[in-house]
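Here is a short report on one protein model. It starts with the whole chain and then turns to two local spots.

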Amino acid sequence: MATFTRLNRDVLFLVFVIVHDTSRPTLFSLIRINRLFHDIGLSLVYRRYTFDLKATLNNILPINQDIFFRSARTLIIRVNHFYLTWVSYFAELMPRFTHLIEVVFDGCEPIPLFLLQALETHHPSTHLHIINWSRSARNAKVGDPDEEALARTPLLRSLSANIGIASGHDFCKAALQRIAALSPNLETLELILPDSHIGLPASPFSPSPSKEVLRFQVQNPVKKTLKSLQWDYMDLTQLKSLERWLNLPGLTSLHVFMFDSSKTLTYATENHIFSGLRRLAMALPRVVLNEDGDIMSRFVASLNSLEAISLDSCPNLHPLMDTISFHHGHSLRLLRVHNAEISRGTRPTLSFDQLKTYQRRLEHLEALSIDINRSETGQNETQIYSVLSTFSHIKILTIQYDLAITHSPDFGADFCETFARDVWMFVAQPRLIELRLILGEPPRERRERQNQATLPPGYWKKQDKYVVQKIIVHRVEGTLQVTIEGARSSQMYRVHRVRRPGSQGLFFEDELVHEDLLVPDDDEDI
């Protein structure tokens, strides 16, 4: 340790950066050794600091304020309308930060104009990220001062909004598009569909835009190239509207909840609208497949060298997977294919023979998520496990089982861990780091009526609620760690009964959808 303490301070800092990125508890231990280690380590602790005003108003600044203001690179400000007045306090603090790089504003209220002005004055090169963007009033007309300032600030880099389903005089979506069209340096735009409306959004049946909505349109938008776009519902009109201010061929990541018709996908395919895509996530409603069953395959084939694909609601799996593996097998690193269950029939999944074929083509795949329908004997699962073990480059494997509508195995905690370890033994190969299993079972009351069985102690009894458990098996230095999340742990994974369009687009069928979307976080997530 004596030799270690004699290292140059800059060299020590680089060592501490590695420790910080690897294990923060280890960094906290190093801070206690001596004053030098304390100063270096503390500067890393404060590089990313969160002011969570939703939780507390006490001690919002750390004790070592001098080190904090010198070290802070990223500030995360979480507020709600009760504590919004405290944001003025942060505006007064802005001159004291010396090396601020980015600010994340996460609140259910618009970012105040005075905070935005303070950032522009004292940190003109800072990147601003807005999470949970909202308006002062959903029916506010065009020209809101806060929105106009946000739209024209050069600081804004990402904008994420969860605005729900529009109804009546609701101009949130129009205002969001106006800000995006005017923003000079925007890189990421997300319109997130709320959990309570995972089914069909209202957009397909919305009336024509009103005169007030049309006033939000920008006559001279700032043409830009986004890195990532997430949108809830994409029709041909919306796609052409985006083309006015967005260089769509330069887009690298696209997440669309739903394309409205085969015409929209045909337009995108024939005009190579998304030629630069590397990451694609989307769902395909049945109404589109009824119009043109091959449109999805043609659309995927028109794209160049995809690295990540996540697909929902794709009943014609085999021809689509043929296209994906043939055109993108050499470049694909992440693949997720998921079909939600319907109240009748069996959901389509990849078969044993199909997986064997795709295993030879998808030789570089590092993350995979597929569906498996459980059988009474377990023979179907065992065959598929044997194929999954031959994907030699897979690091993260996710299996989404069915919700056991036809049979209901015991789901005690001991059973879950034993089951997960058994599956690991089947699918394990040298590079596998993490196995994620999503398990479910039907409503307890329904099962009680069907089987006339007595419910064991601790079972949930809620009508139309499916108990879903997530089991994670993680390999750490040769040992397996099993984590169970779900009804018997601290977190309940919600399962929604939603309504999706039937075969003619006018009738509806119930589907059971649980929230898991696989995959690696941050840079690896779709």
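Accessible areas here come from the Shrake-Rupley method with a 1.4 Å probe. By that method, the protein chain exposes about 25100 Å². Carbon and sulfur atoms supply 51% of that area. The model is predicted.

**The whole chain**

The protein chain has 526 residues, and 50% of them are buried. It holds 19 helices and 19 strands. Take the contacts between residues at least 6 apart in sequence: 75% of these join residues at least 24 apart.

**Helix H8**

Helix H8 covers residues 145–152. Which of its residues are buried? They are Glu 147, Glu 148, Leu 150 and Ala 151. Seen down the axis of H8, these buried residues fall within an arc of 165 degrees, so they line one face of the helix. They pack against the elements in this table.

| Element | Residues |
|---|---|
| Helix H7 | 113–122 |
| Strand E4 | 127–133 |
| Strand E5 | 156–161 |
| Helix H9 | 172–182 |

Asp 144 sits at the start of H8. One of its side-chain oxygens reaches to within 3.0 Å of the backbone nitrogen of Asp 146.

**Thr 323**

Thr 323 is part of helix H15, residues 317–328. Is Thr 323 buried or exposed? Buried means under 20% relative accessible area. Thr 323 has 13% relative accessibility, so it counts as buried. Its side chain reaches the backbone oxygen of Pro 319 at 3.1 Å. Leaving aside residues up to four places away in sequence, Thr 323 touches Ser 297, Val 300, Ala 301 and His 328.

Terms used
Residues numbered from 1 in each chain as written. Predicted model: local features only at pLDDT ≥ 70, side-chain atom pairs only at ≥ 80, totals over all residues. Heavy atoms only, no water. Helix = DSSP H or I, 4+ residues; strand = E, 2+ residues; numbered from the N terminus. Buried < 20%, exposed > 50% of the residue type's maximum accessible area, 1.4 Å probe, protein only. Polar contact = N/O pair within 3.5 Å; in protein donor to acceptor, adjacent residues only side chain to side chain. Contact = heavy atoms within 4.5 Å. Arc of directions from axis to C-beta.
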